[in-house]
Amino acid sequence: DYGQGHATPFAQVLSDQLGVPFENITLEQGDSDLVRFGNGTGGSRSITATGQAIVEASALVVEKGKKAAAHMLEASEADIEFGQGRFTIAGTDRSIGIMELAERMRAGKMPEGAPDTLDVDHATKETASTFPNGCHVAEVEIDPDTGVTRIVRYSAVNDFGVVVNPMIVAGQLHGGVAQGIGQALMEEVSYDASGQPITGSFMDYALPRAGDVPPMEVGDHPSPAKSNPLGTKGCGEAGCAGSLVCVVNAVVDA
């Protein structure tokens, strides 16, 4: 994971789809020997695009697994059902877990023509856009003598569709709000009369610190998206998009 919290929610989705133990799942990114293509992260689309790919790839794993389980359990493929990480002969208690099935397949115990692993290599063809929304409200106090502005209260209610990992979403929102506060009240690239930059380091360029960010009241009002199988919507840019506007408007109103 290179800093955007991908590993945990991606593993959550895969574990939910296939019943694979969460702790057994690893994420590989940025290795062109393993990943067929990629263009970085942007557009608040990671869980939507990759989540869809995981759901689709999981269906392909189940499809292969049913063929293999039918052989292992000596049953018709049409009679094999999958749920909670197990392939089961419908109407019976005979079953095999996905992890055991994968292990036995890799041991070379499959007949000719049957799949010998559950591995799949899949890229989703297209990912539809999602449209998160929300309402952010900032209360500010401005010292009339000095102009010092203090945000005393900040509230936000957002619709991110189905939230896979609430803690990561809250963290992204908090960080985005802090970014918007910095852009609205503090950050400025300044130059002297000769055109030389005088804010060339973080000693001079004002980034928001913890003391500049108020406690936040954050709420969710989810409306699941209908454009992807998980019902998710983007959240990575919501904090900055909301805070930048409402903090500026709060100052203008004050």
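**View 1. Lining of the largest pocket, by residue class.** In this predicted model, the lining of the largest pocket comprises 23 nonpolar, 17 polar and nine charged residues (Ala, Val, Leu, Ile, Met, Phe, Trp, Tyr, Cys and Pro count as nonpolar, Asp, Glu, Lys and Arg as charged, and the others, Gly among them, as polar). The volume of the largest pocket is about 2200 Å³, a volume being the space filled by probe spheres set on grid points joined across faces, edges and corners. A pocket is an open set of points on a 1 Å grid over the protein atoms alone, where a 1.4 Å probe fits, with protein on both sides within 12 Å along at least five of seven lines; lining residues have an atom within 4 Å of a point. Of the 49 lining residues, Leu 27, Glu 28, Thr 50, Ile 54 and His 122 are the closest to the centre of the largest pocket. H2 gives the most to this lining, with eight residues (helices are DSSP runs of H or I, at least four residues, numbered from the N terminus).

**View 2. The second largest pocket.** This pocket has a volume of about 420 Å³. Among its 26 lining residues, the closest to its centre are Ser 46, Ile 47, Gln 172, Cys 235 and Gly 236. H4 provides the largest share of the lining, three residues.

Residues are numbered from 1 along each chain as its sequence is written, and side-chain values use heavy atoms, with hydrogens and water left out. Because the model is predicted, local features need pLDDT of at least 70 and side-chain atom pairs count only at pLDDT 80 or more, whereas totals for chains, interfaces and linings use all residues.

Key: Helices (H or I, at least four residues) and strands (E, at least two) are DSSP runs, numbered from the N terminus.
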